[in-house]
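Please open the structure below and follow along as we visit its pockets, its ligand and its cavities.

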Amino acid sequence: MALRALTAETQRFLTAEHMQWIGGRWVPSACKDRIASIDPASGKIIAYLPRGDTADADAAVAAARTSFVQETWLSIASHERGRILQRVADLIECHADELAELEAIETGKLFAHARHGDVAIAARAFRYHAGWCDKLDGSQLDLSAFGQPFACQTRREPLGVAALIVPSNGATAITAWKLAPALAAGCSVVVKPHERATLPALRMAELLQQAGIPDGVVNVLCGSGPAIGARLAEHADVDVVSFTGSTEVGRKLLQAAAGNFKKLILELGGKSAAIVYADADFEAALSGVAAGIFGNAGQVCVACSRIYVERPLFERFARRLAQRAQALRLGAAFDEESEMGPLISEDHRAHVDAMVQRAIAAGAVALSGGAYPNGAGYFYPATVLTHTDASMEIVREEVFGPVACVMPFDSDEEVIAQVNDSRYGLAGSVWTRDLARVHRLTAAIQAGLLWVNAHGVPDVAVPFGGYRQSGWGREQGREAVESFTQLKSVMIQV
Ligand code: NAD
């Protein structure tokens, strides 16, 4: 077993007293209660975090509001703001090991995945959005209204104070996916990381200041969703909430946001499908689908938890996927031989296992996994289920764990109907060599992002978001930065 040792920087940060970042400095919470941060691979406490309360949320919103009203960020020339965001990307790359180690130790995500996936994605998000700072243009119209000539212009203005609520599985990358476009748009922000995935956002706050983001523009809170997340969602001085998390919490935000009609950008849960045709490149489809469901122990919003395989290929595909699943080495984030890490918490493992046991009781057959090992850590084996159908909870509801339902299909019409029979519509993939079928299926499937002969490959330039109960709005691409702005029209009589 080759164990990677933590860098000195990570050890120093881990052992420091953690506070919240408000107005450009570390601020202790008045609430003396603390949250124990636990390494999910060992169950051991690695740090204590403040349990922020509503007073902390109010202080962070006030700092953001003041910086927005005083235009501390917006008064910097747009090209210079772009340079600052580029410097953030440089600093993320300089501190990549440290950020990846913090995410890995706190969430159990494999270090290599965090380092070469999440942290690289975070740097790229800042580089990409840096370019938008001086390109958010409006349009010009010359027209005549009631016989009078007008020159009309539209301009994009920042929405104001943005609350950025981040889930457990994207402590570095999803934080950056939200921060970079919000800052490029000119907003001031309050970040609310998940209580089990907080350390990278706290470290990033220091890096943002070092890059030149003025104090008060970025604030980071620590604490529970029902306490500070809910407070941000209802706060009259928050203009927009960008939330990534479960559909159930998203529904609560709808109600909380009604008070001041704040804008909501919602990136919610999914039950994404992979459709594998008999003419697909078998080995490529097997590897892509296995990575698509077992990557990060299935704790991925776009995980292909429903796998539809054309009948002639079905038995072979299911058997080979189960063999892959059985061969995956479960292990800690820093063990270089680990191929799949633990789930985020003991509670979440109990939730995943309960769903699997209910599926088995309803007739599902586990070709691999289906029961978790004794011992330390919240590990759950890669599980492949057959004999599942659309009437079962395991096929309808998100598991957010390494659990695949493999089901046969006989025709395009049948598989399209099954895939679309879901309250979710986040993502999906089609594996085939038939181009006409690619066009037919990608038009017919109701989901926000589809891959062909790939699954789960993100890119910050590609708009991403859900149909139906998988969300509102789009992250990534130009849509992401524009979603933190509002359009003003000016009619000048000439
Ligand atoms: P979660 O909904 O439990 O928590 C998400 C965030 O919301 C956390 O910061 C949490 O503290 C906060 N929160 C909880 N209750 C709240 C409340 N009442 N008011 C305001 N905030 C509250 O989700 P999770 O377990 O962190 O992440 C898993 C979920 O996120 C899955 O459903 C997954 O599909 C989804 N997800 C979606 C995307 C996407 O882009 N669509 C990406 C990643 C994860």
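## The largest pocket

The largest pocket holds about 1,100 Å³ of space. On a 1 Å grid over the protein atoms alone, a pocket is an open set of points with protein on both sides within 12 Å along at least five of seven lines, and lining residues have an atom within 4 Å of a point. Grid points are joined across faces, edges and corners, and the volume is the space filled by probe spheres set on the points. There are 38 lining residues here, and those closest to the centre of the pocket are His194, Phe243, Gly245, Ser246 and Val249. Two or more lining residues come from each of α8 (225-234), β10 (240-244), α9 (247-256) and α12 (346-361). Such helices (H or I, at least four residues) and strands (E, at least two) are DSSP runs, numbered from the N terminus.

Which helix gives the largest share of this lining? That is α9, with 5 residues. Sorted by class, the lining has 17 nonpolar, 12 polar and 9 charged residues. Here Ala, Val, Leu, Ile, Met, Phe, Trp, Tyr, Cys and Pro count as nonpolar, Asp, Glu, Lys and Arg as charged, and the others, Gly among them, as polar.

A word on the model: it is predicted, so local features need pLDDT of at least 70 and side-chain atom pairs count only at pLDDT 80 or more, while totals for chains, interfaces and linings use all residues. Residues are numbered from 1 along each chain as its sequence is written, and side-chain values use heavy atoms, with hydrogens and water left out.

## The ligand in its pocket

Where does the ligand sit? You will find the ligand in the largest pocket; the test is that more than half of its atoms lie within 2 Å of the pocket's grid points. The elements that give two or more residues to the shell around the ligand are α8, β10 and α9. Of these, α8 gives the most, with 4 residues.

In total, 30 residues surround the ligand (a heavy atom within 4 Å). The closest are Val166, Lys192, Glu195, Ser246 and Glu398. By class, the shell has 15 nonpolar, 10 polar and 5 charged residues.

Now look at the oxygen atoms of the ligand. One lies 2.5 Å from an N or O atom in the side chain of Glu398. For Ser246, a side-chain N or O atom is 2.7 Å from an oxygen atom of the ligand, and a polar side-chain atom of Glu195 also lies 2.7 Å from a ligand oxygen. On its own the ligand has 850 Å² of accessible area, and the protein covers 90% of that (Shrake-Rupley method with a 1.4 Å probe).

## The second largest pocket

The second largest pocket has a volume of about 680 Å³. It is lined by 33 residues, with Trp177, Val300, Val302, Gly456 and Pro458 closest to its centre. The helix α5 supplies the largest share of this lining, 4 residues. By class, there are 16 nonpolar, 12 polar and 5 charged residues in the lining.

How many cavities of 30 Å³ or more does the structure hold? There are 4; a cavity is a set of points where a 1.4 Å probe fits but cannot get out. The largest cavity contains about 80 Å³ of space. Among its 15 lining residues, Arg306, Gly425, Ala427, Gln446 and Ala447 are the closest to its centre. At least two lining residues come from each of α14 (412-420), β17 (424-425) and β18 (427-431).

How values were computed: A polar contact is a pair of N or O atoms within 3.5 Å; within protein, one must be able to donate a hydrogen and the other to accept it, and residues adjacent in sequence count only if both atoms are side-chain atoms.
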